[in-house]
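Dear colleague,

I am handing over the structure below, and my notes on it follow directly after.

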Amino acid sequence: MSATVLAGAPAALVLLEEARRRAAALPVQPHLHLIRAGSDPASLSYVRGKDRQARLTGLRSTVHALPQDVPLPELLALLARLSADPEAHGILVQLPLPAHLPPAAVQAATDPRKDVDGFHPLNVGCLWAGQPGLAPCTALGILALLRHHQVPLAGRTAVVVGRSPVVGRPVAGLLLAADATVTVAHRHTPALSRLTRQADVLIVAAGQPHLVTAHMVQPGATVVDVGIHRLPGAGGQFVLTGDVHPEVAQVAGALSPVPGGVGPMTVAQLLLNTVQAAETQLGRSAA
Ligand code: NAD
C-alpha cells in the first residue's frame with residue numbers, strides 16, 4: 001500500500017484564488033513589502049518567488065534589498081516608515097537575518113496589523129489566546145493543506161516534531177484550536193518514536209533529513225513533511241528531500257511530498273495574509 005499524496009499545488013491554487021478574489025474586492029491593491037538583508041542564495045530565491053507570486057495574484061509587491069551589513073537602526077527606521085505608511089499593507093522581513101540583527105527586535109518593530117509573517121509578539125499571543133490576528137504562513141498553510149485533503153482533526157491525536165517559532169509552535173497552536181490533542185516534541189524529547197507512533201496526524205518540522213522512518217509511524221496515519229533539504233544526488237545534481245524518509249509512504253495513510261507539499265502552501269498563505277491585513281487596515285471584513 002502506498003500513502004495518498006497530500007499534494008500542495010491544488011490546495012495552494014484554492015488559496016491563491018481566494019487571495020485574488022478578496023484583493024479585487026478592495027478599493028486599493030494590497031501592497032506587500034518584502035525586505036531582505038545580504039545575499040544568502042536561499043533567501044534571494046524565496047523573496048523572488050514571493051514577489052513573483054504576489055504580482056501574479058494581483059497584489060503590488062516591493063522588494064527592499066539591504067546590504068549584509070545594514071545597521072540595525074537603519075532596518076528599524078525602514079520598518080517604522082512602512083508601518084506608518086497607509087499604502088503599505090503587508091511587511092515581511094526574510095529570515096535568516098545576518099547575525100548582528102536580532103530577530104526579536106526586528107519582529108517587534110513591525111505594526112502587528114501589517115505583520116504578515118505572524119511573528120510579532122502580539123500576533124503570537126493572539127494565536128495562543130484564540131483571538132483573531134495574523135498567524136505564521138507555513139503553519140496556516142499546513143492546516144489549509146489538511147483541510148483541502150479533508151483530514152479530520154477534531155478529537156484526533158496530533159504530534160508535532162519541532163518547536164520553532166516559525167513552524168512547530170504555531171502549528172501546535174492551530175491544531176489545538178482545531179480541537180486536536182497535541183504533543184510537541186523537540187531535540188530533547190527522549191524516545192521520540194514512542195510518541196510519533198501514537199499520532200493520527202504527525203507534523204514533522206525538525207530540519208533533519210529523513211529523521212522519521214517507517215517504524216516511527218502508526219499505520220494509516222497522516223504525515224506532513226515540512227522539512228526541505230538540498231542533498232547531493234547522482235551525477236553532481238542536487239535532490240530536494242524532507243524530514244520524512246520516503247519509506248514512510250508504505251505505512252502512512254497520507255503523506256505530503258517534498259517538494260510539492262507544504263512549500264507551495266507557504267507562499268499562497270502569505271498572500272492571503274497580506275489581503276487579510278489590507279482588509280483589516282481598510283476596515284473591511286473578508287468577503
Ligand atoms: P529550526 O531548526 O528552527 O527548528 C527545528 C526544531 O526541530 C527545533 O525545535 C528542534 O528542537 C527540533 N529538532 C531538531 N532535531 C530533532 C530531533 N532529532 N528530534 C526531535 N526534534 C528535533 O527549523 P524550522 O525553521 O522549524 O524548520 C524546520 C524544517 O522545515 C527545515 O527543514 C526548514 O527548511 C523547513 N521549512 C519549510 C518551510 C516550507 O515552506 N516548506 C517553511 C519553514 C521551514
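Predicted model: local features only at pLDDT ≥ 70, side-chain atom pairs only at ≥ 80, totals over all residues.

Residues are numbered from 1 along each chain as its sequence is written.

Of the 24 residues around the ligand, those that come nearest are Gly 162, Ser 164, His 186, Arg 187 and Thr 266 (a residue is near a molecule if its C-beta atom, placed from the backbone, lies within 6 Å of it). Helix α9 (residues 262-281) supplies the largest share of this shell, with 3 residues; helices are DSSP runs of H or I with at least four residues, and strands are runs of E with at least two, numbered from the N terminus.

The unreviewed UniProt entry annotates Gly 162, Arg 163, Ser 164 and Ile 228 as "binding site", although such annotations may be inferred rather than shown by experiment. Gly 162 lies in the loop between β5 (157-161) and α7 (168-177), and Arg 163 is found in the loop between β5 and α7 as well. Gly 162 is buried because 24 other C-beta atoms lie within 10 Å, whereas Arg 163, with 18, is partly exposed (buried means 20 or more other C-beta atoms within 10 Å, exposed 12 or fewer, and partly exposed in between, with C-beta atoms placed from the backbone).

In strand β4 (residues 90-93), Gly 90 and Leu 92 on one side and Ile 91 and Val 93 on the other are all buried.

Best regards
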